Amino acid sequence: MSSIRATRLGFIYQDKFALLQYLTLLQGRKKVLEFYVDYPLPNSQKSIDIRLIQEVDGEVLETVYEVKTGQGFKTDKKYKGTSEIREAVFNIKEYCTGKTNILSAIVLSPELKGKVSDYWNFIQAIECSSAYQGAVVNSCEQLAKLLNLEDLTDAKKLYKLFKNVQIHISDSYSDALNGDETNCSPMDNQIIAILREMNYVFKVDAFEYELPPSLLYHSLLQTMTHKVGTAENLTECLDNCITEFFTRRRLIKRDPTMIFHTINSEMVEVFQKWKGQLPVMSSSINTTVSFLEGGNTV
């Protein structure tokens, strides 16, 4: 595979994963205040892959993700390790230092599990531990050598860092096509299923063949692509994309009395009212991590 194609597939995977997280929060009627993809860092050429800010129990909670895909994963020959893992850890450490009410996660596509087995085993040992002792100390020391970060050579400091970073490798996050007539991946199917459920919000379940949810899916991806790296909050753009899609569905009836802007205003009102309702899930559920559920999380 060419490096150009691998890079493009990596960006697509990141955008799909980001969209899935946003829609999952939306489906749970979580209050998302801000949502960014490739959020640029000041005075730097670097960015945070995904940054979202939501309101949880009256408090503002920030979550940042670094997303890595098997299609574009780089191997660092100098250190005989995986340079992107080091880059992800470094970015999260730098961004989260000194901040409160912040969660962080490194997401690896399932195809990467074999390539990061050494990292994965050591990280899993740390995550499953209750104290910095015994075999855990050795895991931290070995992981410090693998990461080879100048300001993170102390094994105990590395232990504290990884106790606060979620690592996700899940088959449900796979973007490998399933080979059937739909030619969709597990991640595609999850996104389309959520968009299809929105029929019940707008009560426009007719004309799915004329305007299938897959069209809305690609429209949302395109909307994100135009805004990545701009530090522009994507919530309004994505919500507008959804309401305009269901407005067009209703207009298929070709009733001459229907006007796009009138119907769209009604859709926006319905959508905002639905978003303002209490979440469907029980309040006993940990809302700060519910959108990260599924698959193997250590």
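Buried means under 20% relative accessible area. The model shown in these views is predicted.

View 1. The chain has 298 residues, and 47% of them count as buried.

**View 2. Cys140 and Cys184 are both buried.** Cys140 has a relative accessible area of 0%. Cys184 stands at 13% relative accessibility, so Cys184 counts as buried. A disulfide is a covalent bond between the sulfur atoms of two cysteines. How many disulfides does a search of the whole structure find? The search finds 0.

**View 3. Helix 6 crosses helix 8.** Two packed helices are described by the angle between their axes and the distance between the axes. Helix 6 spans residues 186-197, and helix 8 spans residues 213-227. Their axes come within 9 Å and cross at roughly 110°. Angles of 65 to 115 degrees count as roughly perpendicular, and helix 6 and helix 8 are therefore roughly perpendicular to each other. The crossing is right-handed.

**View 4. Residues from helix 6 and helix 8 make the contact.** Helix 6 brings Asp188, Ile191, Ile192, Leu195 and Arg196. Helix 8 brings Pro213, Ser214, Leu216, Tyr217 and Leu220. Sorted by class, this contact has 7 nonpolar residues, 1 polar residue and 2 charged residues.

Key:
Residues are numbered from 1 along each chain as its sequence is written. This is a predicted model: local features need pLDDT of at least 70, side-chain atom pairs count only at pLDDT 80 or more; totals for chains, interfaces and linings use all residues. Side-chain values use heavy atoms; hydrogens and water are left out. Axes are lines fitted to C-alpha atoms, for helices over the stretch in contact, and angles run from 0 to 180 degrees between N-to-C directions. Helices (H or I, at least four residues) and strands (E, at least two) are DSSP runs, numbered from the N terminus. Angles under 35 degrees count as roughly parallel, over 145 as roughly antiparallel, 65 to 115 as roughly perpendicular and the rest as oblique. A crossing is left-handed if the near helix is turned anticlockwise from the far one by less than a right angle, and right-handed if clockwise. Contact means heavy atoms within 4.5 Å. Ala, Val, Leu, Ile, Met, Phe, Trp, Tyr, Cys and Pro count as nonpolar, Asp, Glu, Lys and Arg as charged, and the others, Gly among them, as polar. A disulfide is a pair of cysteine sulfur atoms within 2.5 Å. Buried means under 20% relative accessible area, exposed over 50%, partly exposed in between (1.4 Å probe, protein chains only).
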